[in-house]
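Dear colleague,

I am passing on the structure that we discussed, and I would be grateful if you could look through it before reading my notes. The sequence and the model come first, and my remarks follow them.

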Amino acid sequence: MRLLINKIILTLSTLAAILGLVFLFWILITLTIKGVKALDLYILTHDLVDNGLRNLFIGQFIMAFIAVIIGVPIGMVAGIYLQEYSFGNKYAQFIRNLSDVMMSAPSIVIGVFVYAVMVNPIGHMNGWAGAVALAILMLPIIVRTTDDMLGLVPKELREAGVAIGAPKYKVIFDIVIKAAKTGIMTGLLLAFARIAGETAPLLFTSGNSAYFTLNLNNEFPSLTVAIYDLATMPDKHLVDIAWAGAFLLTIIILLINLLGRYVIRERKK
């Protein structure tokens, strides 16, 4: 009886995995066919106002990089505190639990929060609000990754640093973080990959602009928001532009994820 149950569960698990892969490849094949068909040099060298994607890519990654500048230092310092200074107190456990909850929170909730704090008071959407929303989204990933990776560093390395008279901050930055840098870098890449493709929080914060601009004080170009808008247009040409943007964005995020996995594999060698 036990062997029968095992075979049934194994069969169901295999079928579920195959079904998931079928849908995954279906999405990727459809995206590739429609995206490649719509892709051309004109789209990459003109702005949305002229039926191109140039300003959208620039705007999307400007907000993502600003989010990195905001989120990485805060997330890493929080992770260092949890692992090196908290000594397992109740506040550290609360922060860890809060970080886990934020990792699973819908991104649209973050968008509504930033809208209430940074958009509603000034009366219009802006690029700064979009960058802050993305930074909040990546914070829990960075905190958790930094905390976990520092926790994997053998305590003997810390003791060796203390034994030669190095102060604690020197031990952390010159020994512990260097030993964990590969894992931390992988977490940063995965966090960046997540925010690079986010749409929901930007709908409430940065909005979108059809024109090229570097002014973050007003509505800012966003590729993901533009894809959402263009995909619902009655004009087939605009829908094709959305497919091209979705295809390029998928390729970029896929490459970032592959880079992260490559770093992990090299670390294990």
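This is a predicted model: local features need pLDDT of at least 70, side-chain atom pairs count only at pLDDT 80 or more; totals for chains, interfaces and linings use all residues.

Residues are numbered from 1 along each chain as its sequence is written, and side-chain values use heavy atoms, with hydrogens and water left out.

An unreviewed UniProt entry lists residues 12-36, 56-81, 101-119, 125-143, 175-196 and 241-264 as "transmembrane region", and an unreviewed entry also places "domain: ABC transmembrane type-1" at residues 57-260. UniProt positions are given in the numbering used here, feature names are shortened, and such annotations may be inferred rather than shown by experiment. In the model, the span 57-260 is 78% helix and 0% strand, with its end C-alpha atoms 22 Å apart; helices (H or I, at least four residues) and strands (E, at least two) are DSSP runs, numbered from the N terminus. Residues 101-119 are 89% helix, and their end C-alpha atoms lie 25 Å apart, while residues 125-143 are 89% helix with an end-to-end C-alpha distance of 28 Å.

The helix pair is α3 (54-85) and α8 (residues 168-196), which pack at an angle of about 140 degrees with their axes 10 Å apart. The axes are lines fitted to C-alpha atoms, for helices over the stretch in contact, and angles run from 0 to 180 degrees between N-to-C directions. That angle makes α3 oblique to α8, because angles under 35 degrees count as roughly parallel, over 145 as roughly antiparallel, 65 to 115 as roughly perpendicular and the rest as oblique.

R158 is found in helix α7 (residues 155-163) and is buried, with a relative accessible area of 17%, where buried means under 20%, exposed over 50% and partly exposed in between (1.4 Å probe, protein chains only). Not counting residues up to four places away in sequence, R158 touches Q83, E84, L150, V153, V171 and V176.

N51, in the loop between α2 (41-45) and α3, has a positive phi of about 65 degrees although it is not a glycine. Most residues other than glycine have a negative phi. N51 is partly exposed, with a relative accessible area of 28%.

Technical notes
Contact means heavy atoms within 4.5 Å.
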